[in-house]
Amino acid sequence: MGTINEEVKDDEPIKDEPGWLPGWWMGIFYFTIAFSLFFPVYYHLMQGWSQENQYMEQVKTGPKVEETAVTLKADGSNPFRGDSAAVSEGQKLFMMTCAACHKPDGTGMIGPNLMDGEWLHGNTDSVIYNLVLTGIPQEKLKQKKSPIGGPSSPMPPKGGAPISDTKVLKILAWLSQKNTTLLAGK
Ligand code: HEC
């Protein structure tokens with residue numbers, strides 16, 4: 001019992017040294033300071049690393065997002081007809097931008113059936129391309145009522161999606177493969 005309450009005696013004198021850390025410790029300390037000054041100079045200036053170079057490197061090797069702009073051929077036909085890569089991209093684009101009104105399989109919902117032989121505004125590449133680019137305003141609607149009933153509503157340019165003219169041609173390439181009553185030409 002007695003040992004617990006025993007006063008702790010600090011019989012070791014505290015040595016009051018001049019406030020310096022050991023030489024090896026200070027050595028490491030000065031080395032890290034010197035290194036922090038040297039390294040940025042070495043890395044950025046001597047090795048030539050820069051954000052700009054890094055960026056240019058990635059631009060060179062990265063995926064190409066640009067597409068070359070394509071338009072109708074001189075005879076008015078769609079240059080992507082029969083181009084299987086364009087057709088499959090066109091199908092995906094149709095799903096994203098047109099399916100909401102024309103149904104994923106194109107058989108019509110708010111907009112008319114695009115898979116039948118009936119065309120309200122014409123049935124050639126050139127006519128349909130221009131129709132999709134400009135959209136169909138209220139006063140040009142030909143549909144009396146939508147396939148699912150109710151009044152017909154206008155179609156916004158490119159279905160309201162911010163896609164390029166070239167992408168519209170890809171969608172129509174898919175459409176022309178699905179529906180052969182869409183004819184090549186003017
Ligand atoms: C907001 C709904 C809507 C979207 C989105 C839409 N359309 Fe339409 N589309 C319509 C309507 C409504 C009509 C019928 C206009 C009329 O009465 O003349 C139409 C008509 C058409 C026609 C003419 C059909 C015919 O029989 O003459 C084509 C071709 C067409 N759309 C293609 C497209 C394509 C391609 C897209 C996607 C880029 C698209 N539409 C997106 C509503 C839409």
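Helices (H or I, at least four residues) and strands (E, at least two) are DSSP runs, numbered from the N terminus. The model described here is predicted: local features need pLDDT of at least 70, side-chain atom pairs count only at pLDDT 80 or more, and totals for chains, interfaces and linings use all residues. Residue numbers start from 1 along each chain as its sequence is written.

The protein chain is assigned domain 1 (23-52) and domain 2 (84-178), with bounds taken from an automatic or database domain assignment. Between the C-alpha centres of domain 1 and domain 2 there are 62 Å.

The ligand has 28 residues around it, of which Cys98, Cys101, Gly111, Gln143 and Gly159 come nearest; a residue is counted if its C-beta atom, placed from the backbone, lies within 6 Å of the molecule. At least two residues of this shell come from helix 4 (99-102), and at least two from helix 5. By class, the shell holds 16 nonpolar, nine polar and three charged residues. Here Ala, Val, Leu, Ile, Met, Phe, Trp, Tyr, Cys and Pro count as nonpolar, Asp, Glu, Lys and Arg as charged, and the others, Gly among them, as polar.

Helix 5 (residues 125-134) packs with helix 6 (residues 165-178) at an angle of about 130 degrees, their axes 10 Å apart. Axes are lines fitted to C-alpha atoms, for helices over the stretch in contact, and angles run from 0 to 180 degrees between N-to-C directions. Helix 5 and helix 6 are therefore oblique to each other, since angles under 35 degrees count as roughly parallel, over 145 as roughly antiparallel, 65 to 115 as roughly perpendicular and the rest as oblique. On the helix 5 side, Asp125, Ile128, Tyr129, Val132 and Leu133 meet Asp165, Val168, Leu169 and Leu172 of helix 6; contact requires C-beta atoms, placed from the backbone, within 7 Å. This contact has seven nonpolar, no polar and two charged residues.

Helix 6 has another partner. Helix 3 (residues 84-97) packs with helix 6 at about 100 degrees, with axes 7 Å apart, which makes helix 3 roughly perpendicular to helix 6. The residues of this contact divide into seven nonpolar, three polar and three charged.

Technical notes:
Contact = placed C-beta atoms within 7 Å.
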